[in-house]
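Trainee: I have a new structure to look at and would like to learn how to read it. Could you walk me through it?

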Amino acid sequence: MDPLQRPRGTRDFSPEENDRRRWALARLEETVARFGYREVATPTFEDLELFTRKSGEGVRKQLYEFTDKGGRALTLRPELTAPTMRYYFSELAQRPKPLKLYYFGNCFRYEEPQSGRYREFFQFGVELLGADTPEANAEVVAVAVACLKALGLSGFKLRVGHIGILKGVIGRLIPDVSARTAVYGTIDKKMAGLATTLSTAGVRNQTAIFLEAFAGTTFAAVLQADNWKVRLQDDINGLVKALESDYGDAAMPAIDDVQRAYADLRKMIGSLKPYGLDEFEIDYGVVRGLDYYSGMVFEVHHPELGAESQICGGGAYTLHELFGAKPTGSIGFAIGFDRTLLALEREGHMPALAPSPLKAVVVPVTDDAREEAVRLATQLRRAGVACDVDLMQRNLRKCLDYANALGIPFAVLLGAKEMASGQATVKDLRSGLQETLERAMVAARILAG
Ligand code: HAM
């Protein structure tokens with residue numbers, strides 16, 4: 001590898017890109033703050049085991065792991081849920097509940113880079129801790145949607161499901177972990193041939209056929225019309241029937257799991273109604289790539305992004321076992337910050353931001369005005385005006401070219417006349433109009449626009 005090349009799958013961000021990223025981050029932060037979330041920050045690298053014990057094969061294969069000089073097995077973080085939970089259980093667990101935390105940070109996954117898929121990427125996410133009610137689940141989904149809407153994004157699709165339905169069945173019918181992982185992979189990627197994969201793993205005929213159709217089922221839920229209740233009930237009944245006919249009484253534990261998950265999902269969807277969120281899909285096939293999910297799960301996709309269309313994912317999960325702690329309600333999501341900005345650009349909804357934050361450039365027209373120009377610039381900055389002062393001993397023409405190239409709206413000129421009168425000339429570079437003012441009035445003139 002050429003040491004002077006940027007590592008594969010990473011990016012540099014220009015000042016303009018950073019302006020856009022800061023703008024978007026501010027919108028997300030404002031949104032979650034209105035729901036009571038406060039920011040936490042955790043280290044960029046963690047103990048390897050934090051992720052290998054519970055996050056599952058998918059993430060494990062992608063870890064940027066390394067051994068430090070003290071022989072410790074560490075990894076760059078692939079996500080921020082496990083670190084946040086580590087922090088919670090070690091220091092925050094005594095705080096009043098529900099505890100609402102949010103984070104923004106870089107994550108690292110050793111994946112094949114392509115459009116929207118990077119080795120270093122950024123997540124903005126929230127974790128709601130200490131509550132596991134249907135209302136808490138519904139609120140987390142509503143927060144995710146509110147975040148995306150706050151950015152001005154509109155063409156995204158929300159899919160809600162429950163991990164307990166498919167995992168309840170598959171977990172009971174397929175004891176072998178690697179066979180199970182293959183099945184979840186097929187479901188997650190919505191690949192064809194699920195019935196065959198299930199049969200190979202030992203699942204009986206009718207159940208395998210039913211599960212293939214079931215895992216591929218998505219339907220639009222119109223909350224106000226309550227249509228989803230009938231559909232959900234019918235689909236669950238079909239699954240229970242297939243299990244009964246293939247397995248008889250032996251299917252009871254799986255059926256119990258399915259019924260419990262179904263009741264949970266039904267209540268959670270009902271709780272979404274007052275959030276005015278009536279356009280989403282119910283999708284039984286949302287199984288998520290990480291292994292810690294235990295209840296409601298959801299994903300947001302943006303059709304304009306092609307293969308890497310998922311801009312947000314989350315759900316209810318358990319990680320307390322890792323820390324030897326008591327079960328605690330935990331629900332969260334992470335927005336893929338980079339992909340979301342890509343989606344915003346594709347929609348044409350990225351706002352046009354000012355090309356430069358500078359409002360003025362102070363130009364000493366004569367050499368003996370240089371010191372005074374710096375003094376005036378200092379005065380303007382104290383008054384809140386972002387300004388530049390010529391640092392290159394350029395003539396007036398070149399200074400104005402510089403201001404125009406950066407889109408700076410005002411030039412403040414100090415020539416022989418202004419030096420003699422103690423005034424300054426403010427030139428509006430957009431209109432070409434200029435006026436000579438007392439120096440103390442210059443800041444107010446520029447701030448007025
Ligand atoms: P995740 O689905 O693995 O979930 O990642 C969340 C989001 O990060 C994805 O929807 C995607 O937009 C973005 N993302 C993932 N990998 C990449 C990549 N290589 N390049 C660009 N963007 C990527 C989690 O990480 C969970 N911790 C979410 C969560 C929070 N669940 C509960 N709380």
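Mentor: Gladly! Let's begin with one word: contact means that heavy atoms lie within 4.5 Å. This is a predicted model, where local features need pLDDT of at least 70 and side-chain atom pairs count only at pLDDT 80 or more, while totals for chains, interfaces and linings use all residues. Residues are numbered from 1 along each chain as its sequence is written, and side-chain values use heavy atoms, leaving out hydrogens and water.

Trainee: Which residues is Thr328 in contact with, leaving aside its neighbours within four places in sequence?

Mentor: They are Met85, Tyr88, Phe89, Gly130 and His320. Thr328 itself sits in the loop between β11 and β12; strands are DSSP runs of E with at least two residues, helices are runs of H or I with at least four, and both are numbered from the N terminus.

Trainee: Is Thr328 buried or exposed?

Mentor: Buried means under 20% relative accessible area, exposed over 50%, and partly exposed in between, using a 1.4 Å probe and protein chains only. Thr328 has a relative accessible area of 15%, so it is buried.

Trainee: How do I check the length of a helix such as α11?

Mentor: The expected span is 1.5 Å times one less than the number of residues. Helix α11 (residues 252–272) has 21 residues and should therefore span 30 Å, which agrees with the 30 Å between its end C-alpha atoms. Its buried residues include Ala254, Ile255 and Leu272, and among the elements covering the buried residues of α11 are α5 (134–150) and β10 (293–301).

Trainee: What surrounds the ligand?

Mentor: A residue is near a molecule if one of its heavy atoms lies within 4 Å of it. Here 26 residues surround the ligand, and the closest are Glu79, Thr81, Glu111, Tyr293 and Gln310. β11 (310–317) is one of the strands that each supply at least two residues of this shell, and β11 gives the most, with 6 residues.

Trainee: Which polar side-chain atoms lie by a nitrogen atom of the ligand?

Mentor: A polar contact is a pair of N or O atoms within 3.5 Å. A polar side-chain atom of Thr81 lies 2.8 Å from a ligand nitrogen, and one of Glu127 lies 2.9 Å from a ligand nitrogen. An N or O atom in the side chain of Tyr292 is also 2.9 Å from a nitrogen atom of the ligand. By the Shrake-Rupley method with a 1.4 Å probe, the ligand taken alone exposes 660 Å², and the protein buries 96% of that.

How values were computed. A polar contact is a pair of N or O atoms within 3.5 Å; within protein, one must be able to donate a hydrogen and the other to accept it, and residues adjacent in sequence count only if both atoms are side-chain atoms.
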